[in-house]
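Me: I would like to go through the salt bridges of this model. Please look at the structure first.

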Amino acid sequence: MKLKSFLISFLVICINVNSYSQQKRESPYNTDLIKDGIWITTGVGLNVLGVLLIQNKPNLSEADLNALSKDDVWEVDRWAAGNYSEKANSASYVPMFTSFALPLALMLSENERSHAGQLSVLFVESMATTGALFSITAALIEKSRPLVYNTSIPDEERMKNDEQRSFFAGHTASTAAATFFAAKVFHDFNPDSPWRPVVWGVAAAIPATVGYLRIKSGKHFLSDNIVGFAVGAASGILIPEIHKKKNKNVQIYPTVGFNLQGEDVNSQGLGISYQF
């Protein structure tokens, strides 16, 4: 009932917030067909790669399962080791899927709706970036979920490869990306709105709720959710910020590191520079 009440309140806020902004304004963002096309294509490609790597991740061996100990878990996370709740797991999907509708709530305002195509591009970029960072990280880092430490669960379930990708929390990350994107866009389109603190508050509350449920369900530790929250929020805020018309001195670019004694690529990532 508490979750239902929260969602009803959320919808009421969306209606009131968008009824405030009726004066049509010029978009504060710039988009480029080629640059944004490359960004989205790369993001989608990395998502596909990450999913393939996750699917090929090996199961936990019986020896490694028997060697697991709560004492080896970080102290900040140890209290969650052994958590397990299918009810909380199912419940976590409700606020997550609801968060994906939050950017659509912006379309209730004629102002934002008139720039729906541009905002859709930015939203896809934010979600693709978050998904790429999550899937690649989850595929490469070995970390058992809290439920794996619960000995009441059958060993064959605890050993599955899907239960060995606790870091970081993808549900929390994707939710934060969606909510903070919506808050950032509303903030930029409506700089004088008294609803801005409320919008930011809702943007933080929804992924925090998802994170709590993911911990309770035994899917993620606290540290997994903190990182997921940070990654999602950063993507939701920075993608629109990078595209702001007044931020032409902000540049984002891919980085690649090479071995000076050979031709192998050692690392790759993204770099952000700000010219004063």
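**Salt bridges and burial**

Reply: This is a predicted model. Lysine 184 has a relative accessibility of 8% and is therefore classed as buried.

Me: Which residue forms a salt bridge with lysine 184?

Reply: Glutamate 241 does, with 2.5 Å between the closest N and O atoms. The two residues lie 57 positions apart in the chain, lysine 184 in helix H10 (residues 170-189) and glutamate 241 in helix H12 (residues 222-242), and the pair links distant parts of the chain.

Me: And glutamate 241, how accessible is it?

Reply: Glutamate 241 has a relative accessible area of 25%, so it is partly exposed.

Me: Are aspartate 188 and lysine 244 buried or partly exposed?

Reply: Aspartate 188 is buried, at 11% relative accessibility, whereas lysine 244 is partly exposed at 23%.

Me: Changing topic: where are aspartate 155 and arginine 158?

Reply: Both are in helix H9 (residues 155-158); because they are three residues apart there, about one helical turn separates them. Aspartate 155 is partly exposed at 36%, while arginine 158 is buried at 7%.

Me: How many salt bridges are there by this count?

Reply: The count is eleven salt bridges.

Conventions. Residues are numbered from 1 along each chain as its sequence is written. This is a predicted model: local features need pLDDT of at least 70, side-chain atom pairs count only at pLDDT 80 or more; totals for chains, interfaces and linings use all residues. Side-chain values use heavy atoms; hydrogens and water are left out. A salt bridge is a side-chain nitrogen of Lys or Arg within 4 Å of a carboxyl oxygen of Asp or Glu. Helices (H or I, at least four residues) and strands (E, at least two) are DSSP runs, numbered from the N terminus. Buried means under 20% relative accessible area, exposed over 50%, partly exposed in between (1.4 Å probe, protein chains only).
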